[in-house]
Amino acid sequence: MSDDQFLQGTWAKLSEVAVKGAQYNSPERQPHPKCLQGTRVDLLKYIHGFLDDTEKNQLIWLHGTAGVGKSAVAFTVAERMRGLKVTEETKIEKRLAGTFFFSRKHTKRCTTGYFFATLVYQLASNFPSIRKDVNRAIRDNPALLDPDTPLCDQMEALFLRPLRWLRLRLRGGPPLSFVVDALDECTSEPELTDLILSLAQALREPDLPVTHILLTSRSESYISKVFQNHKVRPLVREIPVRTSGEGGIISLDGADVDNDICTFLRHSFEELESRHPDFPRPSEVDLAKLASRAGRRFIVASTMMKFIIDDEDNDPHDRLQLMLKLTSELLPGTEVYKLYDCILSTCAEPKRAYLHLSIVAALTDPLPISQISSLLGPGLGRDVQRTLIQLRSVLDVPTDSTLPVNIHHSSIRDYVSDPSNCSLPQVREHNMPSPHSLLADSSFHLMTKEIPESTALFDALSELQKQSQAMLPEDPKKLKDSLMFLVQPPEPLSVLIGILWLRGDRTSDLQFWLETEDGMLGCGPREDKTGCGPRQD
């Protein structure tokens, strides 16, 4: 195999590891949140000013509460940078060097393990001149593509070195920009801390082209603490920020946001009117009422419009009136949860709708409706499709039943994380089970149902007997007594306790259980020849 062929193979491996869904314009993230023309003018101008600074590297930290539009700003900035060339002569080299949009909904986007591999794939795609060097680095150390490789090693080989190779190429030109959205969606605080410290360390390097990184997050204390670190703070340009101009404060939820939300609502109703010419356009008073009660949170305004527009089975005018009635009752700071309460109250079975919504929000990886229904079984899984379709204003429910259902916004996950956030009596007056408990119980029931129908485990043991000289020379069929639970499945709790025993949890409670008939069924006769190993007493 020639060197070029080998390097092409390395590039293919990098392409497989890079998380395409984390890129700002990925189809996985559609519909893309984006700032409407004429909105966020001062904020975007302020950010672009930092990104155009040719003097020194910067970490631009944009933070705010849930639903104020951080991702829309990140997308809009990334799109603008993607439209700017490094030089007038180039055809493909753009100022946007790479993006990573974190998300708890996707296993590869809620960790930092794929962060630098994803960025370097975009960087080398944008600057083909460094592609061979990137390939050689991976060829020399294939472990760089392993998500468990230390972040410092990935940063050095997949971030710092490629940027150093670009230094001469970009000398005298405009700065490069990276955009990283939703840091708080990374599920590991230690990982995220390590990432922020690593990015700050990288930008302190003297031999890089001028590089800026826009990072967005909620205003979480643990994230703020990292940005206050003495090694990070000198690089940070924080937003919100108080300015000396007439605006006073540049932020995601400043006084100008009320006008921006009014603009968004007006535009949305104009689109509705184009599809429904007989729809009576709301008065300016009604628009102002909707905008003011959104609490300067774009997610509230956006969800209101989805509720009004996206339900083909209900009259949008009736839904508008329901929203106007709702807004007259809201208290500042309660907008999102009260809105979700209202949407649930319009469902045929609010309690079932709440449970199904909480399960969708709790899934580590989103599932299609058919798989959710199968997982939950004939009881709780009944009418999943009918229920979720009633929640289209807060869920992305694809018309293609093979595609996964997703929550529109992370505030949904916050809402269902504690039943006390919901004020509906159908929820508050019942002891609502945790969605994680429901999923665990459903999973164990499904496992114990499927195990007797499969001979895969027994076949694997038979193959192991053939290949391993270390095993005792006995017929694998004698293991049937030890695996009796495969034929007579116990309750999920028994399976769980048996697994805990096998993993080393030998507490007295488990010891007592194993002495019972159920315990004997779970792990077979308790002698040295069993599948549970020798007795420990």
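Helix H9 covers residues 257–275, and its 19 residues reach 27 Å from the first C-alpha to the last, close to the 27 Å expected at 1.5 Å a residue. That expected span is 1.5 Å times one less than the number of residues. Helices here are DSSP runs of H or I with at least four residues, strands are runs of E with at least two, and both are numbered from the N terminus. This is a predicted model, where local features need pLDDT of at least 70 and side-chain atom pairs count only at pLDDT 80 or more. Residues are numbered from 1 along each chain as its sequence is written.

Which residues of H9 are buried? Among them are Val257, Asp260, Ile261, Phe264 and Leu265. Buried means under 20% relative accessible area, with a 1.4 Å probe and protein chains only.

Now turn to helix H4: eleven of its twelve residues are buried, so H4 is largely enclosed by the rest of the structure. Asparagine 126 lies in this helix, residues 115–126, and is buried with a relative accessible area of 4%. Leaving aside residues up to four places away in sequence, asparagine 126 touches Arg82, Ile92, Glu93, Lys94 and Leu96, where touching means heavy atoms within 4.5 Å.

Strand S1, residues 58–64, is your next stop: seven of its seven residues are buried, so S1 too is largely enclosed by the rest of the structure. Side chains in a regular strand alternate between the two faces of the sheet. In S1, Gln58, Ile60, Leu62 and Gly64 are buried on one side, and Leu59, Trp61 and His63 on the other.

Conventions:
Heavy atoms only, no water. Buried < 20%, exposed > 50% of the residue type's maximum accessible area, 1.4 Å probe, protein only.
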